[in-house]
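Have the model open as you read.

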Amino acid sequence: MSTLTQDELKALVGRAALQYIEPGQIVGVGTGSTVNKFIDALASVKDRIRGAVSSSEASTARLRALGIEVWDANEVERLSVYVDGADEIDPRGCMIKGGGAALTREKIVAALADRFVCIADESKWVETLGRFPLPVEVIPMAAQQIARRFAALGGQARLRLKDGAPWVTDNGQHILDVSGLRITEPLAFESMVNDWPGVVTVGVFAHQKANVCLLGTAQGVRTVEF
Ligand code: 5RP
């Protein structure tokens, strides 16, 4: 058993990700509680970087509060590195993401980057994706027909709620959380769901998979390259 708490494991991998940051870079920054630890660590080298491209309003606010300049994704052609967490990651580096509802902007920023560094505690490691309900950002008028398509695959889609009303993403759309799936072919699955009308983004990251995972374990940070 780990003597470190999950929060401490997140802080460990958040700090470990600094090794991928080179001087003068603009850094791609994800979203979530693990990334918050990375942002806190990034503040300690903020004078050596040019700034960050952020994947959510929440990360933008945290970056700015720590004095890190935030660039619009349109101002940047390439990023050398994107650092983000995951809800699940498999032995190929494919992930489920979107537990924090930021999946669309996360995929956009990840697509700008040469290298995706996933930071995660060991509870996120799975053999097959699907135990974590799959987040899918959808145009609201398409939610029910998309839910029926998932039902035909054996999944149960639930509209994500906040205070009894549909959760509204940074992009003004809704989220379906789909349980009961077993995603054995992540690339094909991602492409298929992307093709359904009304799907903004599916939370399978197989086309934008991780290149490296820094996994927080009882024995310390394990680096897995894909
Ligand atoms: C947000 C995400 C996060 O990376 C994912 O939910 C993991 O979050 P946490 O680090 O809080 O466990 O995809 O949309």
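## Ground rules

This is a predicted model, with local features needing pLDDT of at least 70 and side-chain atom pairs counting only at pLDDT 80 or more, while totals for chains, interfaces and linings use all residues. Residues are numbered from 1 along each chain as its sequence is written, and side-chain values use heavy atoms, leaving out hydrogens and water.

## Helix 1 on helix 2

Helices here are DSSP runs (H or I, at least four residues), numbered from the N terminus. The axes of helix 1 (residues 6-16) and helix 2 come within 8 Å and cross at roughly 50°; axes are lines fitted to C-alpha atoms over the stretch in contact, with angles from 0 to 180 degrees between N-to-C directions. That makes helix 1 oblique to helix 2 (under 35 degrees is roughly parallel, over 145 roughly antiparallel, 65 to 115 roughly perpendicular, and the rest oblique).

## Helix 2 on helix 3

Helix 2 (residues 33-42) and helix 3 (residues 57-65) have axes that come within 10 Å and cross at roughly 25°, so these two are roughly parallel to each other. In helix 2, Val 35, Asn 36, Ile 39, Asp 40 and Leu 42 meet Ser 59, Arg 62 and Leu 63 of helix 3 (contact means heavy atoms within 4.5 Å).

## Ligand site

The ligand has 17 residues around it, the closest being Ser 33, Thr 34, Asp 87, Gly 98 and Lys 124 (a heavy atom within 4 Å counts).

A polar side-chain atom of Thr 34 lies 2.6 Å from a ligand oxygen atom. For an N or O atom in the side chain of Lys 97, the distance to a ligand oxygen atom is 2.9 Å; for Glu 106, 3.1 Å.

Note on methods
A polar contact is a pair of N or O atoms within 3.5 Å; within protein, one must be able to donate a hydrogen and the other to accept it, and residues adjacent in sequence count only if both atoms are side-chain atoms.
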